[in-house]
Structures are given as C-alpha cells and as structure tokens.
Amino acid sequence: MSYPYQINTIQEYRKEYEKSVSDPEGFWEEIANHFTWRKKWNSVLNWNFTEPKIEWFTGAKLNITENCIDRHLATKGDQPALIWEPNDPEAHHRVFTYNTLYDKVCQFCHVLSTNGVKKGDRVLIYLGMIPRLAIAVLACARIGAIHSVVFGGFSAQSIADRLRDAKAEFIITGDGAFRGQKDIPLKSIIDDALIGVDFVKRVIVCTRTRIGVSMMKGRDVWWEDEIEKVETLGLKDFPAVEMDAEDPLFILYTSGSTGKPKGVVHTCGGYMVYTNYTFVNVFNYQPGEVFFCTADIGWITGHSYILYGPLSAGATSVIFEGIPTWPNAGRLWDIIDKFKINILYTAPTAIRSLMSYGLDTVKEKDMSSLRVLGTVGEPINEEAWHWYDENIGKGNCPIVDTWWQTETAGILITNLAGVTPSRPGWATLPLPGIQPVLVDEKGDAIPFEIKDNPTGQQVSGNLCIKFPWPGLLRTTWGDHQRCRTTYFATYPNLYFTGDGAIFEDNGFIRITGRVDDVLNVSGHRIGTAEVENAINMHAGVVESAVVGFPHDIKGQGIYAYIIYTGHQKNDDEIRRDINMTVSRVIGAIAKPDKIQFVTGLPKTRSGKIMRRILRKIAENEMDNLGDTTTLLDPGVVDEIKRGKL
Ligand code: PRX
C-alpha cells in the first residue's frame, strides 16, 4: 500500500494546507475514502464548539481493526506488524506478522466474548509493555468494547478512581511487569484497587513475571487457561463488530488543573483517520520501514503511534518492554542496530538522560538504518536537539518536534520529516486541517499575519484551535459539562489547549509550555492540584502548594511547599513518608523532587495562594517576585526565600 495522501514537497504541504482550510470537509473526505468502511458517512462533519458537539463521518460504519489488520492480510500478511523487544536483552525478541496478529486478536476476542464482554462495555487494561497488551487493546476494539489503558506506574488508588469513573466491569492485567530492574506486582496492585469495588465481573490475568498472585474464584481467570478453552473449542476467526464512526473507541485518563483526572473520549472513525494521516505524513513513512516509538501504550503516544497509526498504515512497529537506561544507557542504540530501525520517536527527557551518560554508549553502535528522528511530549532544549541530531542522526536525519496532546489524538503542530524545515525548539507548522490562533488574557484574538517576506517579528499568547479536526476529543467520560468548561468555555468558539505559544511571521510556532496548573514531568502530565491533594492526605500536613521548576533531565520537577505540624521531627524522614503517601495515592511519577517545609503560604486577602510567587522562588528568580503588597502576610515570602532548597 502506498499513501495517496502523503505530502512529499513543501509546495504540496502548502497546497494541502490551503485546501484543508478552504474546504475542510472535502479535504478529510478524500482522505477518509482510502479506508475500509462498512458503510460511508451521510455527512462529513457536524459541529459546534458551544455544547460542544463534534461529529465526523456521521452515519459511517466501520471497525478500526479491519483497517489495522484485516485489510493488510492479502498483501502483507507475512510482513511484521509488531516486533517485541523484551526487557532482558538476552531474551528472545518476537515478531508478529499481520497474519499472526490477526489470529491472536481474533482468539482473544473469543476469550473476551466467552467472558461476557460486549460492545460498549468498558475494559480497564493494566499491563506492562508486552505483546498481549497490544492484543488486548485491539481485541477490545474488534469486539466494540471501550478500552481504558492505565499506565503501569499508577497506584491502586488511581486505578480505583478510573475504574469507578468508567464503571469498568472487566479488567485485563498480568501477574507482574518487568521494567528495567523492577518487577511491578500488577495483580497485587489491582487487588488493592478492587477492595470495596463490587461491580467488577471478571479479571483476566496473564503470566509474565510469575510472581505469586491471589486469584479469586468466580472473578479472576488466567489468560492462558481461557486461550486453551478457545483452542479446544476450535474457535478461530472473530468477525469484527460493526461500529458507528462516533462510537467511543477508548477512554484515556489525563490530568488537568483540577484534582481529578478526566476520561478523554476518542471515537472510532475520526481517530482512525487522524492517527493514520499524521503517522504517514509527519514521519514520511515509507512502506517496509521499521518504526520505533519508545512511549508506553499507557499514554496517548503509545495508543496513536505504536498501535493505531502505524498498524492502520500497514507499518512495522516496535514494542519495547524495558527502559532506555537498562542494563545500560546504550539500550536504545542496540535496539536500533538489532532491528535496523528507520524511524525513532522518543521524548526529550530520554534524550537528556542518555546525554548525561556521555558518548561511550553511542560509539560503535551501527545506527545507519535511521532516516528520521522525532520528539514528543515536552519542549526540547537546543542542547538536547543538537546532541540528538549529531550523535544519533549523524547530521543526516530530519528531527520532527511534534506538539500535541491526549485530547488531540494525534500530532497537530510539527515539521514534516524531510519535507518542511525544522528549527531547534520550534514545533514549526500546523498540519493540514489545524487552524491555530493566539488569544490574549482577555480572550481576544491577537492579530497576526504570515508574511511572504518575513522579518522575524513574533507575538505570544495562549494557544487555541478554531476549527475541529477528526481527532479532537468528543467528550470527557460521564461528564460532558467538564469537557465544555475545560476546553471550550475559556474562550468562546475556540478549543483551548492550555499551552502558551509564540507565532513568528514566517508561520512558525514555538510552544512555550502550559499556562495552567499542569506540570510536565519527564513528558508525563501531572496536575498540581492532584499532587497537593495527595500530599494533604498525609497525616500532619496542614496545607501544601505545588509548582514546577526547571529540571535538567525531567524538563520540569515538582517543588512542594508544605505546612507540617505532625509530631515527627526529622525533616528527611517526613519527606520520605510524604513521598510514600504520594506514591500510594497517585504513583511514583508524582513524587515531589523537592519538599520545603514552611510555616505559611503567600495568600491574597481572599485566601488564594499566590502560586506565581512560589513558582518564581522555585525557579530561583528571587529578585523578580512582582508586587507582594497585596498579600495577607508579606513576611511569609522572606521566610520562604530563606528556606529555598
Ligand atoms: O504542554 C504540552 C506538552 O505536553 C502536553 C500534552 O501532554 P499529554 O496529553 O500527556 O500528551 C503528551 C504526548 C502528546 C501539551 O499540552 N507537549 C507535548 N508535545 C510537546 C509539548 N510541549 C512542547 N513541545 C512538544 N513537542
């Protein structure tokens, strides 16, 4: 399969962009025509941003797995769809051709079906990066169940919150997961999450680490036993369930500025078209190439660019169970050599972390197969960009800096590999179909013009998108109002991204980071309110305020100011205990990097915490705190400054 909608020159990019703005429906319809639909749409787009109502390909019927698997069988059944590299470098990797993937997914559909899973049911998936995670996700999609994958680093409490919010009656997990030196006891964490939950009907448990697990009769079953039953019955093909284009495909929870994560909902038709279109165009993917995205399938990047984007394009996609720094910092480079990877897509945090080990881990690695490099999830600093370019790409590989979000399904702003120019630190140009605008604090659009003869003039503001694209979130699960207030009410008739940006008059866009109370730690999105809630649950904590601070490796670190009046006296012990509480409540990824004990927090007379001041102190910008005279107790600022860590 080649891609008739692949953009190969900058002139084509301009033409396609132009068309996508002047005739969005015609533009997306032409692309959608290249997919397998059981029935085509009655209308391409129905929308308003006030409710919001966003519908793409209304009335169309399809199953995304027919596009990700079945349609490739005749032409590339024997081509690798997924290559799995285990955590242990000495262990054997595995290759799943499209034929094998078809068989495995169908088989697991029978397992789901015999266990009572039906179209529309929610299935929570909590697994490490093993092929069965991909099989479970795709089998849910094939049967029409709504998957909700929870990253293996989240705690029992976080799982329980998501389980209840989605009312998921089915869980797919494993005994444990390998990640570097760690064995994560998945089933035991699920058991903790299930205390007091009475609506879960079935937990399907696969074996991986084979640590001891408890199996409750009547509720818990082994994956392998269920497969055996299906084999004994001789069940093979499983016809894909017909889905409406607007039926939910999955729920993925993500953090916002309030304490409770939101269940972002993506639907079958638009999500498929958008992830495929962006995969093919951003990376300029050529049939036969091996694509390696190092994200976890528990995040949107893994959903869109390990599974649905690449598979719908008939690509070969690598799943890596381990981490880049284990058993040593050369692991990614070994994998590139081993599988002759053509495209590497990773996070700036991983690059910065690997940089810190020096060049010894890169030397003598054959990475000549690489053609394109990509980054995602957070801003990339220029030093890391150049290191990636020189030492990994050897100056020969375009780097795509891809900006997008869980809510957007796929990449929105980026250069196109080898097609449009790159600039370190800049995401550069919007993809066709994406119409970005900047607004000021009051919500007024900032006037801006792209010039034929640019002068380098720049404007900055809050980044919004003014027209829908097929991958835009449809709702937040169980609470449509929340979707409206979070994304569509701040600025009327605009989707608000939560990011700040700079536009330059050559059309380039630079993302400057979140303007709300969301942190980006190692490319993971964490709400400050969520971390504060967790800290405040610790005995002896009276109040806390959490802000981000620049961190050499993680991009942003978590700085917590805490008022503690408990009886413990040793500060380091209290810090350790608070970290334990945060790990229990959210997961280890949300542990503060720095905890400063304070006797008060800077508040306005109306009781609002002045985070701006705390942020400046955490960033070491002590002399630039702005006006502190409106504070209830200005003296508290000096104390905090003196105690800065
Ligand atoms: O602040 C932006 C940052 O990550 C946020 C989205 O996080 P999440 O939904 O977890 O999705 C991450 C993977 C797409 C954005 O609001 N972000 C993402 N990509 C970039 C980025 N910031 C700067 N440059 C990027 N390329």
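Leaving aside neighbours within four places in sequence, Gln-435 is in contact (heavy atoms within 4.5 Å) with Tyr-17, Val-21, Cys-464, Ile-465, Lys-466 and Phe-467. The structure is a predicted model, in which local features need pLDDT of at least 70 and side-chain atom pairs count only at pLDDT 80 or more, while totals for chains, interfaces and linings use all residues. Residues are numbered from 1 along each chain as its sequence is written, and side-chain values use heavy atoms, with hydrogens and water left out.

Gln-435 itself sits in the loop between S20 and strand S21 (436–439); helices (H or I, at least four residues) and strands (E, at least two) are DSSP runs, numbered from the N terminus. With a relative accessible area of 10%, Gln-435 is buried, where buried means under 20% relative accessible area, exposed over 50% and partly exposed in between (1.4 Å probe, protein chains only). From Gln-435 to Met-537 there are 102 residues in sequence and 42 Å in space, C-alpha to C-alpha.

The loop between S20 and S21 also holds Thr-408, which is buried at 0% relative accessibility. Thr-408 and His-266 are 142 residues apart in sequence, yet their C-alpha atoms are 9.0 Å apart in space. Neighbours within four places aside, His-266 is among the contacts of Thr-408, along with Tyr-274, Trp-469, Gly-471, Leu-472 and Tyr-495.

Next comes the ligand. Its shell has 16 residues, and the closest are Thr-402, Thr-406, Asp-499, Arg-514 and Arg-525; a residue is counted if one of its heavy atoms lies within 4 Å of the ligand. By class, the shell has five nonpolar, six polar and five charged residues. For that tally Ala, Val, Leu, Ile, Met, Phe, Trp, Tyr, Cys and Pro count as nonpolar, Asp, Glu, Lys and Arg as charged, and the others, Gly among them, as polar. Strand S20 (399–402) and strand S25 (509–514) each supply at least two residues of the shell.

Some polar contacts (pairs of N or O atoms within 3.5 Å; within protein, one must be able to donate a hydrogen and the other to accept it, and residues adjacent in sequence count only if both atoms are side-chain atoms) can be spelled out. Two involve ligand nitrogen and protein backbone: a polar backbone atom of Gly-377 is 3.2 Å from a nitrogen atom of the ligand, and a backbone N or O atom of Thr-402 is 2.8 Å from a ligand nitrogen. The side chain of Thr-406 places an N or O atom 2.6 Å from an oxygen atom of the ligand. Taken alone, the ligand exposes 540 Å², and the protein buries 96% of that; accessible areas come from the Shrake-Rupley method with a 1.4 Å probe, and for residues only the protein chains shown count as cover.

In soluble globular proteins, nonpolar side chains tend to be buried together.

In helix H8 (residues 186–193), six of eight residues are buried, namely Leu-186, Lys-187, Ile-189, Ile-190, Asp-191 and Ala-193. Helix H11 (residues 300–312) contains Thr-301, which is buried at 10% relative accessibility.

Most residues other than glycine have a negative phi, and most peptide bonds are trans. The bond from Glu-51 to Pro-52, however, is cis, with omega near -5°, and Pro-52 lies in the loop between strand S1 (43–48) and strand S2 (53–58). Trp-326 and Pro-327 are likewise joined by a cis peptide bond, with omega about -5°. As for phi, Lys-394 has a positive value near 50° and is partly exposed at 43% relative accessibility. Asn-620, with a positive phi of about 70°, is exposed at 52% and lies in the loop between helix H18 (611–618) and helix H19 (635–642).
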